[in-house]
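Good morning, and thank you for coming. Please look at the sequence and the model first.

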Amino acid sequence: MKKTTRWILIASSFIIVISILWNTYVFFQKFKDEERTKMKIWAEALGEFLQTTDLDRDLGNLTLAVIKNNTSTPMIYVGDDGEITSNNLPEKKANDSLYIQRKIKKFKAENAPIEVTFRNDKYGTLYYGNSDVLNNLKYYPVALILIIVLFSAVVYFFYKTSKIADQNKLWAGMAKETAHQIGTPLSSLLGWAELLKAEDVNPTITNEIEKDIDRLSTITERFSKIGSIPKLECLDIVEETKNTFNYIQARSSKLVNFSFKAPSEKIYCLTNDQLYSWTIENLIKNAIDAMKGKGDLTIEILSDKKIAKINVIDTGKGIHKSDYIKIFEPGYTTKKRGWGLGLSLVKRIIEDYHDGKVRVLQSAIGKGSIIQIALKIEDS
């Protein structure tokens with residue numbers, strides 16, 4: 001039903017636009033014909049005026065009125081004796097012969113010249129162009145179409161924004177519900193972990209289980225924060241990055257060579273630790289996927305006293321320059337299995353919540369990429 005309605009609206013819009021263009025064209029031609037009729041009458045009046053050489057002959061007020069009445073249509077009269085007279089043209093250029101010749105050529109292209117005669121005697125030729133009203137009328141359909149296009153664009157973007165807002169509410173609701181659902185088995189796992197401790201199970205095993213339980217708790221809290229404004233704290237970005245880096249490194253393939261480079265001093269930024277950890281995790285996992293689970297992965301933190309720059313460097317397949325912006329769009333993915341939400345989530349967390357920037361710093365096909373996060377440094 002919605003699809004049918006959409007096609008009906010599109011078809012109706014095309015019909016309306018075509019009708020407007022056609023009616024404007026018809027009106028334009030009619031107006032042009034009326035203007036030519038007016039110019040023929042003017043030429044006849046001029047011919048009658050030019051043949052009057054007898055001072056005793058009464059020319060009449062009508063002829064003079066017709067000649068004087070035309071104040072809008074630009075024209076050039078070229079007599080058979082070579083005399084040139086212009087009307088409704090700029091006074092400063094009326095004596096410019098090159099300008100007059102260009103105008104004559106232009107007027108001939110716009111309208112067929114009219115011979116000035118009286119009683120089979122020819123006196124010259126009249127060249128005339130389109131009046132200002134006629135010229136403005138030519139652009140009326142274009143202006144109208146632009147208005148329709150702009151109006152359609154406003155409606156489209158309003159509809160798209162409304163749809164995105166509804167989708168965001170849906171995703172936020174699903175995320176919060178997921179966090180709620182994870183909470184129950186998570187509580188149970190905490191109980192089982194305590195039971196394993198009481199049974200004198202190898203502490204290494206229980207410690208790792210507790211780490212994963214803590215991780216699930218973090219994930220649960222992350223999902224619960226979606227759709228809400230996160231609380232930011234002044235945290236050491238080096239330590240926060242290092243913690244996530246270590247966690248992912250311990251759980252990744254040994255075929256990936258991990259490297260962490262950072263200044264020895266602390267760098268403080270306004271950060272939500274859980275959401276920031278999520279972005280680093282997504283960038284590391286994305287880099288590992290780009291390398292197909294084998295290669296060199298480096299996190300490098302740089303500081304210029306105002307901006308902290310976190311570079312995630314991989315030796316993966318690289319990114320085409322035309323895709324530098326696309327990779328951060330929701331749904332964009334090059335993987336057979338994937339939702340295309342990881343990098344879009346990174347962009348939203350960094351730019352919307354942390355007032356930072358995320359971008360592809362550089363990339364080369366077959367050699368790897370560098371994705372950079374930039375955050376403002378706060379005074380400690």
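This is a predicted model: local features need pLDDT of at least 70, side-chain atom pairs count only at pLDDT 80 or more; totals for chains, interfaces and linings use all residues.

I begin with Asn88, which is found in the loop between strand 2 (84-87) and helix 3 (97-110). Helices (H or I, at least four residues) and strands (E, at least two) are here DSSP runs, numbered from the N terminus. Residues are numbered from 1 along each chain as its sequence is written, and side-chain values use heavy atoms, with hydrogens and water left out.

Asn88 has a positive phi of about 65 degrees, although it is not a glycine. Asn88 counts as partly exposed because its relative accessibility is 28%; the term buried means under 20% relative accessible area, exposed means over 50%, and partly exposed lies in between (1.4 Å probe, protein chains only).

Lys305 also has a positive phi, of about 75 degrees, and is not a glycine. Lys305 lies in the loop between strand 8 (295-303) and strand 9 (307-314). With a relative accessible area of 78%, Lys305 is exposed.

I turn now to the charged pairs. How many salt bridges does the structure hold? There are 4 salt bridges, a salt bridge being a side-chain nitrogen of Lys or Arg within 4 Å of a carboxyl oxygen of Asp or Glu. In general terms, side chains of opposite charge can pair when their charged atoms come close.

One of these pairs joins Glu281 and Lys285, whose closest N and O atoms are 2.8 Å apart. Why are Glu281 and Lys285 separated by about one helical turn? The reason is that they are 4 residues apart in helix 7 (residues 273-290). Glu281 counts as buried, at 7% relative accessibility, whereas Lys285 is partly exposed, with a relative accessible area of 40%.

A further pair is formed by Lys347 and Glu351, whose side chains meet at 3.1 Å, N to O. Both residues lie in helix 8 (residues 342-353), where they are 4 residues apart, about one turn of the helix. Lys347 is partly exposed at 29%, and Glu351 counts as partly exposed at 21%.

Lys122 forms a salt bridge with Glu115, with 3.8 Å between the closest N and O atoms. Lys122 counts as partly exposed, at 39% relative accessibility.

Next, the surface. Trp7, Ile10, Phe14 and Ile18 make a nonpolar surface patch of about 460 Å². Patches are made of residues with over 30% relative accessible area and no salt bridge, with like charges joined within 9 Å and nonpolar side chains (Val, Leu, Ile, Met, Phe, Trp, Tyr) within 5 Å. The accessible areas come from the Shrake-Rupley method with a 1.4 Å probe, and for residues only the protein chains shown count as cover. Ile10 lies in helix 1 (residues 2-50) and is partly exposed, with a relative accessible area of 33%.

A pocket, on a 1 Å grid over the protein atoms alone, is an open set of points with protein on both sides within 12 Å along at least five of seven lines; a cavity is a set where a 1.4 Å probe fits but cannot get out, and lining residues have an atom within 4 Å of a point. Grid points are joined across faces, edges and corners, and a volume is the space filled by probe spheres set on the points.

Which helix gives the most to this lining? Helix 4 does, with 8 residues. The lining divides into 12 nonpolar, 2 polar and 1 charged, where Ala, Val, Leu, Ile, Met, Phe, Trp, Tyr, Cys and Pro count as nonpolar, Asp, Glu, Lys and Arg as charged, and the others, Gly among them, as polar.

Lastly, the largest cavity has a volume of about 30 Å³. Its lining consists of Leu283, Asn286, Ala287, Val312, Asp314 and Ile371. Helix 7 supplies the largest share of that lining, 3 residues.
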